[in-house]
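Come along and keep the picture beside you as you read.

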Amino acid sequence: MWIYEKSLYLPLKNIEPDEKNALNLCRPLGALEIYTKKALNARYATQDPRAKALLTDIATECLNLQEVLWALLLAMGASGTIPCRENLLTAYEKALEQTDHPQAREVLQLLKQRALEHEKYLAELDIVL
């Protein structure tokens, strides 16, 4: 018998509503969605088993991180979204510059760190997303 326990990648606690800062998180969310799609497209286009495994892991983690961002956005009271055509790291950096909400900054720092690690692993296999 399996017991399924749902939990966020990064637990969020006691978030105060803050619509101004919530809107700053919409940009990285859009960039993260685009990055996830690129990882999945590259995963199905490659024949290298190591690259397939890496891209599957990256896409899965990106989906988990999107869930964290959506939970944070909803808790902060976001009422709209901003389309994003930026590079993922650029979107994180701009959002960090514009956000003064402590938990939002913590989440963005984690996302930026993970994106940098993904780029390092992708570079080792000569993959560009």
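**Entry one: cysteines.** I began with Cys26, which counts as buried because its relative accessibility is 4%. A reminder to myself: the model I am reading is a predicted one. Next I looked up Cys62, and at 1% relative accessibility Cys62 is buried too, since the cut-off is under 20%. I then searched the whole structure for disulfides and found zero.

**Entry two: rings.** How many aromatic pairs does a search of the whole structure find? I got zero. My look at the rings still gave me something to note, as Arg43 lies over the face of Tyr44. The distance I wrote down for Arg43 is 4.6 Å from the ring centre of Tyr44.

**Entry three: the largest pocket.** I turned to open space next. The largest pocket holds about 180 Å³ of it. Twelve residues line this pocket, and I marked the ones closest to its centre: Tyr35, Lys38, Asn87, Leu88 and Leu129. Which elements give two or more residues to the lining? I listed α2 (26-45), α4 (88-98) and α5 (102-124). The largest share comes from α2, with four residues.

**Entry four: what the lining is made of.** I sorted the lining of the largest pocket by class and counted seven nonpolar residues. Four others are charged, and one is polar.

To revisit with the picture open: the helix α2 as the main contributor to the pocket lining, and Arg43 over the ring of Tyr44.

Definitions and conventions
Residues numbered from 1 in each chain as written. Predicted model: local features only at pLDDT ≥ 70, side-chain atom pairs only at ≥ 80, totals over all residues. Heavy atoms only, no water. 1 Å grid on protein atoms, 1.4 Å probe; cavity = no way out; pocket = protein on both sides within 12 Å on 5 of 7 lines; lining within 4 Å. Points joined across faces, edges and corners; volume = space filled by probe spheres on them. Nonpolar A, V, L, I, M, F, W, Y, C, P; charged D, E, K, R; others polar. Disulfide = S-S within 2.5 Å. Buried < 20%, exposed > 50% of the residue type's maximum accessible area, 1.4 Å probe, protein only. Phe/Tyr/Trp six-rings, centres within 6.5 Å; stacked < 30°, edge-to-face > 60°. Lys NZ or Arg CZ within 6 Å of the ring centre and 35° of its normal.
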